[in-house]
Amino acid sequence: MYKELFHLGYYKIKTLLYLDLEFKFSSIIKNIGSFFVYSLFIIAFYLISQTAIELVLVKYRLGLFLLHRFLGIGFFMFGLAVTTGNLIVSFSTLYKSPEIDFLLSKPIRFESIFIIKFLDNFFYSSSTLFIFLLAGLAGYGKYFDLSIGFYLWSFFIVVLPFVFTHAVIGVLTLFLFIKISTKIGVKLTILIIAFFYSLSIIYFFNASSPLNMVMEVLPYYPNIDIDFSFLQSPIISYLPNFLASDSFFAFVRGDNLRVIINSLLIFLLMSGVFTLAVIVAERYYYKSYLDVLNLKFSKKDKSVDHTKSIFDRTTIMNPQFNSLIKKEIIIFTREPSQIIHLAIMILLILLFISGIGSTQLIILKAVSPQIQTIIYLSILVFILFMIIALSLRFVFPMLSLEGETYWRLRTSPIDINKIVRIKFIIILMTTGSIGFFLMKFSHRYLSDILYTQSLLLLLFTVLTIVPLVFSMGTVYVNFKEKNPIRISSSQGATVTFLLCLVFLTLVIALMYIPINDFFDARFYGRIPNFETRVKSVNIILGVIAFFTFFISYLISIKQFKKDI
Amino acid sequence: MIKVTNLSKSFGNFKALDNISFQLEAGDFAAFLGPNGAGKTTAIKIIAGLLSPLSGNVSIKGFDIKSNPLETKRLIGYIPDQPFLYDKLSGLEFLKFTGGLFGLSKHDIKIRIEETIDLLQLGEWISRRTETYSQGMKQRVSIASSLLSDPDFILVDEPMVGLDPQSANIVKTAFRKKVNEGKTILMSTHSLHIAEEICSHIIILNEGKIIFDDLIDSFKSFQEKEFHNLESFFLEITR
């Protein structure tokens, strides 16, 4: 097996090492732009991590224990994202790639194919992530003035195994998903897994609520730098996210024994889950490959009942518009990865909505206007971030997903501008409606003035982000990639994401003072001068939205008309 | 009917088409021959509107492809070399989608679909998603979608790739029927015997230039003078 692995790995690395240099003006500009955006964000991550630590330790004086518990919660969410992302991406790399068909037709052990493809997938999809994690670690290490040993240890012994463990959990869940799907069907399996997924999130946040932690620790003030893990359930402390954050905590306190124990536990966990995955792959990978084929070609799933097809429904739309809209709807709803991801996002939105009522009450009862401002801005960040996430996931791949069938549209007597306009209408209305829904729920108990302003912010964000993401998707178009998840996790998508974060940071920076003044005035019984204060913010964001919208529209049209 | 004038196209330093011109009339069935990389697909893609030319123009029934792209596309049925379809649509849905793109009414779409299903003998598979189709079935659906609007000018890029003898025969019969109805076909192919069997006109491209443009009989008479067969004649002139 090792000989096989070495052979496969050698050629895999060899193909990765070949540089694909293209000396075209547009690609040089694209690469310089990417390099610039990446560098900017690496620096930003480095600085933000230091500022965040300073905020917790110096401004709010919450102590080292709470800082690392917050870090643990961050690790938990990060781990969930890695697991979910890996589950979805692994499906395409382990079951839908032509390379798998090639390898499976050769006399190679199934577990060797699994290991190579898993590692390929892991490093391909996580390389950008590691760059930013390193920037964050550098900020952390610099703040606490830690030695070079910390960087090596934290990255190779804690962070890398942590991320790897969650990626393996993603693949194991995928195996389980396929196994159950063959017994009870795909839809029911999705429901069951989504149920347990949300149950685990709810349990986690109930057991380690950040608010409860603060309430339990603050009575010990000023002795808040000691280890308060006895206040929590021991099960929670042994979750990999808290093992990781606690080992950071131990390193800062100089508790080397704890560092070694926690690192060892993380390493053992990684080895355990990976060994389990290899054993499962040895026995089940090929069978699961056949199961996936059976699910794909099952007659029930593939025959279309044309009496119910929306193409036959009478409509008042003109035939071209009608065809384009219906094609978009059908293709979207019949692609499992689109539906699964949308279901996960809807689940997140529902979880947000279920908790947002009490968060608004916390704002109203908060003991200081600063805390009110921070909680309110966090709500805004979540909603705007959701717009970004939805756009990147569903809007960015739109032109690429036309795929090699784009010849059909391009050779039809249809105005390309019309196609772009139709796509713009669909994406603006969908993301706008979701944003409106979220704003409505998150302002039920808050002032009407804030609600009106939040709707304006939503409008500017949708008009900026959605066209920007769409046009970037056309610039980084890849007609050969059929998997929307791989498209939306490509280099172009990462650059787009970073550009969106610039906008998000700008919105929050511009809104901080007016919002803080608003809560300050309310808290001390003054009449807030909110409308006047946000006027200039609205003008700036309005101008940005206007220009981004039109430039993105023009870029999209140009890209849609490119030679294919 | 279709007039191609001084068409050129480059990809970087590579000149794919070098000032080519030709003209076809209604009822012509032209074979576009030439070795790999001669520029056949490039020329076809420019006429179909998928590539923009460096210089020159294409006019169909008096409509120029640059100034009247929509009108010219309405007159063209383009059949690509690879039959890419939307995996998640059934063949029938793909045909309805195409009918809508050409602005056909629901009634016309229904009638034309019935005609093309019959013409290309698509059968029951038409109701299944195209991701389950064989290469040949995909090719026939792709051809059906291009004939759906009853175009005056049919552009075909290597139509027989991946087709079994039965399917190839169905496609050839369909093309002959269209030519008999007065439609014009320009078909890129590597198969000399298919060109000889069904085409009335031969255009040979080599290194981006037209080196032969005449009727099939003229092509054959050249061959008969000095060569044993079409293949050796073709190999000689494209050497």
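Predicted model: local features only at pLDDT ≥ 70, side-chain atom pairs only at ≥ 80, totals over all residues.
V141(B) touches L85(B), G91(B), F94(B), L95(B), L122(B), I126(B) and Y133(B), once residues up to four places away in sequence are set aside.

Now hop over to S21(B), which belongs to strand β2 (residues 14–24) of chain B. Is S21(B) buried or partly exposed? S21(B) is partly exposed, at a relative accessible area of 34%. Its contacts, leaving out neighbours within four places in sequence, are V4(B), T5(B), N6(B), I210(B) and D213(B). With N6(B) there's a polar touch too: the side chain of S21(B) comes to 2.8 Å from the backbone nitrogen of N6(B).

**Where the two chains meet**

On chain B, 40 residues are in contact with 39 residues of chain A. Between them the two chains bury about 3700 Å², and 58% of that is on carbon and sulfur atoms. On the chain B side, Y86(B), K88(B) and L101(B) lose the most area to chain A, together 19% of what that side buries.

The interface has 15 residue pairs in polar contact, counting pairs with both residues at pLDDT 80 or more. Helices α1 (40–48), α2 (69–75), α3 (91–101) and α5 of chain B each supply at least two residues of the side that touches chain A. The largest share, eight residues, comes from α3(B). Sorted by class, that side of chain B has 17 nonpolar, 11 polar and 12 charged residues.

**Salt bridges**

Side chains of opposite charge can pair when their charged atoms come close. Over all chains, the structure holds 30 salt bridges, and three of them run between chain B and chain A.

| Residue | Partner | Closest N and O atoms |
|---|---|---|
| K88(B) | E335(A) | 4.0 Å |
| E402(A) | K423(A) | 2.7 Å |
| K9(B) | D563(A) | 2.6 Å |

Why does the pair of K88(B) and E335(A) join two chains? K88(B) lies in the loop between β6 (76–79) and α3 of chain B, while E335(A) lies in the loop between α13 (319–333) and α14 (336–365) of chain A, so the pair joins two chains. K88(B) counts as buried at 10% relative accessibility, and E335(A) counts as buried at 13%.

K9(B) and D563(A) also cross between chains, from strand β1 (residues 2–11) of chain B to the segment after α22 (530–560) of chain A. Here K9(B) is buried, at a relative accessible area of 7%, whereas D563(A) is partly exposed at 30%.

The pair of E402(A) and K423(A) links distant parts of chain A, 21 residues apart: helix α16 (residues 398–402) holds E402(A), and helix α18 (residues 416–442) holds K423(A). E402(A) is buried at 3% relative accessibility, and K423(A) is buried at 2%.

Last stop, back in chain B: K61(B), D150(B), D152(B), K177(B), K178(B), E181(B) and K183(B) are linked in a network of salt bridges.

Conventions: Residues numbered from 1 in each chain as written. Chains lettered and ligands numbered in written order. Heavy atoms only, no water. Contact = heavy atoms within 4.5 Å. Buried area = accessible area lost by both parts, 1.4 Å probe. Salt bridge = Lys/Arg side-chain N within 4 Å of Asp/Glu carboxyl O. Polar contact = N/O pair within 3.5 Å; in protein donor to acceptor, adjacent residues only side chain to side chain. Helix = DSSP H or I, 4+ residues; strand = E, 2+ residues; numbered from the N terminus. Nonpolar A, V, L, I, M, F, W, Y, C, P; charged D, E, K, R; others polar. Buried < 20%, exposed > 50% of the residue type's maximum accessible area, 1.4 Å probe, protein only.
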